[in-house]
Amino acid sequence: MLYLHDVWVNWFEGEENGYSVCHFHEWRKEDSIELMDQVPLLYITETLYNYIENDMHDLPKALLDSIYKRAYTRKGQKRSVVEYACIVTDGNDILAIDTIGYSIPIRKSRLIPRQEQLVFDMIDNTKPQSFKFDDSDYEKEYHMLSMPPEFVYGLTRKERQLKQLLMIGLDQLKTTNNREELRYWLTEWDPKQYPAIRYMDENRVWETLYNGVKEGWSPSHEELCAKLIRGQQFLEKMWEAELGPEPNTSNQK
């Protein structure tokens, strides 16, 4: 068993997709960064790595058994055992995980660059393990609240968070499925379509709106997001976490 020592981790909890687990250059000073005293290192197959990085399903029992109580955290002079935590790599990418006692990777973190290089050095001349993982019945599913990677690649941490917020707002619109409300928001997004919007049914309006906003991020996306979440306290708090003040649409046309 390979081990890394004195590992800095920045846990992202409950993140299904790897693109939401920020790399070191996107860590923030207000993040809760922890020191792991000792963490097992597993060199695994690419299919198993992708399964762990981009989903939240049960880990192979053989993998869990191999890391059971082999990781430790340290706070001051106190050293505490962690039931199921490890670092996994497929030789290209690296991820630290902690199941917090369950069988799924609840918490995920990237490593700092120096320790990433150390991982690659340590697995040199070794072979990846599959831990009897069978992906024949597994297929990753994406949806509005779990966007395909191509919709967020190239975006900053702030932009990804705001886009997730926008998708929550759009999901609410789709659930309500009010034709006039949908027409209003499509007009806000693309006023040039107004003459045609009046003749669209709910499904057509929704598809036009979603297809218009699903890719990339721009000031227009941010403006729509600000207007869409206005008055929803929970969503406004998420906005404030990224941009500071609450969305102000008073000067928007």
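Reader: Which residues touch the most other members of the largest nonpolar core?

Author: Of its 30 residues, those are L166, L170 and L209. The model is predicted, so to speak of local features we need pLDDT of at least 70, and side-chain atom pairs count only at pLDDT 80 or more, while totals for chains, interfaces and linings use all residues. Residues are numbered from 1 along each chain as its sequence is written, and side-chain values use heavy atoms, leaving out hydrogens and water.

Reader: What makes a set of residues a nonpolar core?

Author: Buried Ala, Val, Leu, Ile, Met, Phe, Trp, Tyr and Cys residues have to be joined through side-chain atoms within 4.5 Å. A second, separate core of 22 residues includes L42, L48, C86 and I112.

Reader: Why is C86 called buried?

Author: Buried means under 20% relative accessible area, with exposed over 50% and partly exposed in between, using a 1.4 Å probe and protein chains only. C86 has 0% relative accessibility, so it counts as buried. C22 is buried too, because its relative accessible area is 3%.

Reader: How many disulfides are there?

Author: The count comes to 0. A disulfide is a pair of cysteine sulfur atoms within 2.5 Å.
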